[in-house]
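Try each task before you read its solution.

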Amino acid sequence: VKNEYLRLSKAAQLHHIGGWMPYFNVMMNNLKHKNVFSAKEKQEIVSFVESRLSALMALDPTADGENKLNPFDVKEVAMALAQYYKQTNSSADKERVITNIDSAFRAILSQGSPMQQMLWLEEIQKCYSSFGMNTQAQAIYPDIQACREGVISSLEKHRTSISIPQDTIKKLIDEINFGSEDEIYQKFVQKLTPKHSAAVAFVQKQKLNPLAGMMGKIVLSSDGLPLSTIGTPAHDSKGNEFDFCARFIEGEEPAMRQIVLALIKAGVFTLEKIMGHIMNSGLIDESRRCLIQRGIEFYLIGEGMVACHLLVPQIEHAIHNLALKLGVQAMRMQPSGNGYMIQLMDKLFDLREIQDTLGDDSVFYLRTLLTEQRGLNLRNQLCHAMIDPLYFDINKADRIVHALLLLGGVNWKF
């Protein structure tokens with residue numbers, strides 16, 4: 001049976017990888033069972049696949065059809081061989097076949113658009129990283145970075161207009177701006193906090209949409225560098241949930257701005273009252289009051305960019321303080337082992353105690369707004385200077401103040 005399987009594999013044409021690679025995969029699945037394949041049989045199979053890899057590499061990158069070099073075919077075969085060499089402790093052979101992937105993609109690099117070039121370079125980087133070839137992987141980053149200008153200039157700009165009926169906005173304003181001051185602030189927070197269940201329901205519907213299942217999305221920085229990838233709804237539910245929430249937040253911007261203006265006009269949103277509700281939970285140290293007050297002052301006069309830069313770090317301070325007050329891990333060891341650092345905010349959102357205290361909707365919302373690369377990621381965009389400062393306009397400031405008010409209403413005392 002094994003001889004016949006090998007004969008059929010050798011008879012399969014070069015470009016029909018599905019016809020000649022399965023026998024190698026059978027061997028790999030039985031590698032730990034010494035009685036299934038002898039050393040001689042293993043060597044014969046590996047030699048055959050190596051010869052096919054060499055034949056794939058010899059194809060012309062400028063040819064057409066089946067005679068054209070296909071780096072993805074090279075990648076499939078080379079990754080399989082690399083796994084074999086890894087398991088048999090043949091480091092030099094492992095690195096040799098992975099380097100073939102690099103050579104194959106670079107041979108066709110000039111034929112792709114700037115976006116394709118960046119994605120192909122990412123493929124090379126991931127292959128190196130998968131097998132611990134970190135020096136080679138890091139050497140790819142400058143090449144990826146060099147693609148960014150071409151990527152930005154090659155993308156077409158599309159604008160989407162969103163229309164919200166004024167009657168709908170007026171009704172929401174009337175619902176929020178009714179009752180005591182505390183009730184108004186609570187409703188402002190609650191009604192404008194996206195619901196995680198709505199994102200889940202949307203993604204479930206998208207899984208039934210054949211068009212949505214065709215491809216995912218790439219999230220780019222403002223200068224064209226890839227930040228994250230969102231897969232199809234069927235394969236990346238979480239990523240699509242964060243993406244839905246981010247789009248929902250952006251879609252609500254005009255309505256939220258009108259609601260804020262109405263509350264300012266009604267005398268509900270004043271410096272003193274906003275400060276009182278932000279500081280109410282005790283999650284923000286009193287020493288930061290002056291700084292937050294300056295941020296709110298800028299916010300109330302429409303200076304959204306300045307307000308965001310002052311206020312975003314105070315949200316991280318509040319989340320860190322909440323972790324301290326709950327007695328959970330708020331620190332992490334420095335890589336050098338010589339001291340401690342504040343735990344990353346996204347890691348704090350993973351803590352069960354934080355989730356139980358804030359609630360699922362609030363954690364999902366704050367993560368999308370502040371730290372999730374598949375969401376708005378405002379904290380990282382701002383703190384790492386990943387985007388034009390003018391992006392942080394008054395609409396973004398509305399959301400930052402909303403997040404501070406949400407945290408101001410947290411009951412962490414049990």
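Buried means under 20% relative accessible area, exposed means over 50%, and partly exposed is in between (1.4 Å probe, protein chains only). This is a predicted model, in which local features need pLDDT of at least 70, side-chain atom pairs count only at pLDDT 80 or more, and totals for chains, interfaces and linings use all residues. Residues are numbered from 1 along each chain as its sequence is written, and side-chain values use heavy atoms, with hydrogens and water left out.

**Exercise 1.** Work out whether Thr368 is buried or exposed, and find what it touches.

Step 1: Locate Thr368 in helix H20, residues 360-371. (Helices are DSSP runs of H or I with at least four residues, strands are runs of E with at least two, and both are numbered from the N terminus.)

Step 2: Check the relative accessible area of Thr368: at 0%, this residue is buried.

Step 3: List its contacts (heavy atoms within 4.5 Å). Skipping neighbours within four places in sequence, Thr368 touches Phe242, Cys245, Ala246, Ile249, Gly375, Leu376 and Asn377.

**Exercise 2.** Take Asn377 and Asn89, and say where each one sits and how accessible it is.

Step 1: Asn377 is in the loop between H20 and helix H21 (378-383). Asn89 is in the loop between helix H5 (71-87) and helix H6 (91-108).

Step 2: Look at the backbone. Asn377 has a positive phi of about 60° although it is not a glycine, and Asn89 also has a positive phi of about 60° without being a glycine.

Step 3: Now accessibility. Asn377 comes out at 2%, so it counts as buried, while Asn89 comes out at 69%, so it counts as exposed.

**Exercise 3.** Classify Asn134 and find how many Å separate its C-alpha atom from that of Ala262.

Step 1: Asn134 belongs to helix H8 (residues 134-146).

Step 2: Its relative accessibility is 44%, so Asn134 is partly exposed.

Step 3: Asn134 and Ala262 are 128 residues apart along the chain, and their C-alpha atoms are separated by 55 Å.

**Exercise 4.** Zoom out and describe the whole protein chain.

Step 1: Count the elements: 22 helices and 4 strands.

Step 2: Compare the radius of gyration (taken over C-alpha atoms) with the globule rule, 2.2 Å times the number of residues to the power 0.38. The chain has 28 Å, well over the 22 Å the rule gives for 414 residues, so it is more spread out than a compact globule.

Step 3: Finish with burial: 43% of the 414 residues count as buried.
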